[in-house]
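Welcome! Let us walk through this structure together, one step at a time.

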Amino acid sequence: MTNLSVNIAGLTFKNPVTTASGTFGYGDEFGDFMDLGRIGGVFVKAVTGSNREGNAYPRMAETASGMLNSVGLQNKGVDHFIKEIYPRIKDFDTHIIVNVSGSTLEEYVEVASRINELDKIPAIELNISCPNVKQGGMAFGTVPAMSTEVTRAVRDVYKKVLMVKLSPNVTSIIEIAKAVVDGGADVLTLVNTLLGMAIDAERRRPILSTITGGLSGPAIKPIALRMVWQVHNAVNVPVIGLGGIMNATDAIEFLLAGSSAIQVGTANFIDPAISVKIVEGIEAYMQKHGITDVNELIGGLRTE
Amino acid sequence: MEIKKTVQDLTVVSNISLNKRHFLLELVAPEPLPMMLPGQFVQVLVKDSPTTFLRRPFSIHQADHRRNSIILLVQIKGEGTRHLSHLREGEKLNVIYPLGNSFSLPTTKKVLLVGGGCGVAPLLFLSQFLNQNSIRPTILVGFRTKEEVSEIETYAKYGEIFITTDDGTEGEHGLVVDHSIFQKDHLPFDKIYCCGPDAMMHAVARIAKMQEIDCEVSLENTMACGFGVCLCCITPTDRGNERVCVEGPVFNTKRLKWK
């Protein structure tokens with residue numbers, strides 16, 4: 001028997017494969033393609049205090065081994081989430097974790113305290129790393145003192161597992177990670193997208209309406225792996241890694257670098273059943289290498 | 001009604017070059033084709049093309065339940081579509097389908113279909129569908145030049161066909177909106193369906209509005225996923241930003257907040 005389950009801050013995931021916020025809708029969009037009960041968890045689309053229309057089109061540019069997006073947290077707000085979306089997703093046979101976003105400290109606190117009331121949501125992921133909103137977002141995730149402050153304010157009102165999603169657009173990921181842990185985070189998820197841009201040389205114009213956007217996909221995987229490795233070695237809270245995971249081998253690399261679980265992001269756009277295939281691939285890897293417990297892989301990188 | 005979406009490996013039955021820039025790809029399904037409606041699209045995975053990271057969306061040009069196949073009309077635009085143009089009979093293509101909404105069935109028989117360039121793709125499927133509902137539409141399609149004029153005999157089976165070419169080498173000279181059909185004060189149509197370049201759809205929508213004719217357009221915004229989760233392909237509507245891949249690609253122009 002192989003054990004795929006992992007325990008993260010007291011929460012048991014049936015396996016370490018989850019899906020990244022903003023790439024998996026609210027989960028039910030994938031019902032035609034896969035059984036959500038096969039994966040460890042779903043991080044649903046960002047929820048903010050009120051309705052947001054997001055940025056203007058175009059919001060996406062394909063790049064070498066990746067893509068840029070500048071969606072800008074489009075969502076209908078926390079009231080709509082609680083009334084319309086929560087009832088239809090709360091009984092999925094997997095952990096549903098809400099990505100909490102905002103422009104001000106007060107907005108983060110408000111959304112987190114509202115989500116705290118939802119019985120079937122065992123954790124939130126505080127998004128202090130969105131590069132596509134003018135105010136707040138990434139600003140909270142790139143200045144250590146602000147990272148501590150927003151995490152602490154949310155910690156005061158949120159009683160369940162508090163995860164904080166880090167931005168890679170910083171000089172020292174370790175410094176930010178420590179600041180967030182100081183603020184009371186139970187888990188760190190990293191990395192969000194890298195700030196980038198794309199230009200149409202023929203028209204001499206930026207491709208995105210916002211000029212810059214967030215880069216995701218395999219293009220960022222080496223950076224994400226390095227940051228997960230650094231943070232895993234620097235803090236005493238579990239890390240959930242993401243950034244360009246396209247297959248089971250990528251996922252195993254993140255586990256070895258110190259991720260207790262992984263998030264599949266952009267790959268969902270290309271193969272909507274990829275997360276289940278990654279679960280199967282991790283299991284096959286374990287059998288091939290005679291590993292009976294997936295926890296043996298976590299942080300199992302051999303550097304000697 | 002919700003149509004179940006599937007991911008399947010379809011097999012190339014034929015790959016026919018229409019001209020230097022366009023080709024027809026017929027793909028047969030391993031299982032009975034799902035129900036599909038005109039206006040819906042497929043998301044094609046292009047393998048072995050390093051610069052093609054995301055899937056490529058294409059309108060369903062024809063769906064043949066007897067042959068259990070779909071036909072895509074593809075314009076060569078970049079490396080991905082060039083790669084597809086080289087596919088041979090028997091090769092497999094991974095496809096997510098059917099995606100998006102569809103053109104609505106008109107309540108009138110006086111219907112005009114307007115297509116430009118590769119935007120004609122969904123209009124063949126639509127004209128077949130209209131025929132099945134006892135409607136024989138007027139079909140106006142625009143091409144760049146005579147060399148690109150194609151499938152006219154096929155369209156002619158389903159409706160009365162008119163063409164324009166940008167250079168005047170066949171049909172009327174100019175853009176589709178310059179065609180004499182549009183030069184009347186009162187167009188003899190109660191419904192217009194349109195697909196093509198943005199400027200063309202805007203121009204047709206303006207004419208439809210002036211003449212108080214109901215008009216639907218099929219948009220082709222760039223998209224990452226194609227099934228509603230990335231929120232990249234949005235267009236502003238009277239209900240806020242809506243997804244072209246789920247609430248569209250077909251929109252009634254009354255609902256669009258075009259600049």
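In this predicted model, strands β8 (residues 111-116) and β12 (residues 191-195) of chain B run parallel and are joined by 5 bridges. To find one spot along this pairing, look for Val114(B), whose bridge partner in β12(B) is Cys194(B). Strands of a sheet, after all, pair through backbone hydrogen bonds, either parallel or antiparallel.

Now follow helix α4 of chain B, residues 198-210, which packs on the sheet and touches β8, β12 and β13 (214-218) of chain B. The direction of α4 makes about 170° with that of β12(B). Another helix of chain B, α2 (residues 121-132), lies across β8, β9 (138-143) and β12. It runs at about 165° to β8(B).

Step back to take in the sheet itself. In chain B, 7 strands form an open sheet with mixed pairing, in the order β11-β10-β9-β8-β12-β13-β16. Its edge strands are β11 (172-173) and β16 (250-252) of chain B, each of which pairs on one side only.

Let us move on to chain A and a pair of helices. Two packed helices are described by the angle between their axes and the distance between the axes. For α6 (residues 221-234) and α7 (residues 248-257) of chain A, the angle is about 25° and the axes are 8 Å apart. Angles under 35 degrees count as roughly parallel, and α6(A) and α7(A) are therefore roughly parallel to each other. Their crossing is right-handed.

Which residues make this contact? From α6(A) come Lys221(A), Ala224(A), Leu225(A), Val228(A), Trp229(A) and His232(A), which meet Asp250(A), Glu253(A), Phe254(A) and Ala257(A) in α7(A). The residues of this contact divide into 6 nonpolar, 1 polar and 3 charged.

Definitions and conventions
Residues numbered from 1 in each chain as written. Chains lettered and ligands numbered in written order. Predicted model: local features only at pLDDT ≥ 70, side-chain atom pairs only at ≥ 80, totals over all residues. Heavy atoms only, no water. Pairing = 2+ DSSP bridges. Helix = DSSP H or I, 4+ residues; strand = E, 2+ residues; numbered from the N terminus. Contact = heavy atoms within 4.5 Å. Axes fitted to C-alpha atoms, helices over the stretch in contact; angles between N-to-C directions. Parallel < 35°, antiparallel > 145°, perpendicular 65-115°, else oblique. Left-handed = near helix turned anticlockwise from the far one by under 90°. Nonpolar A, V, L, I, M, F, W, Y, C, P; charged D, E, K, R; others polar.
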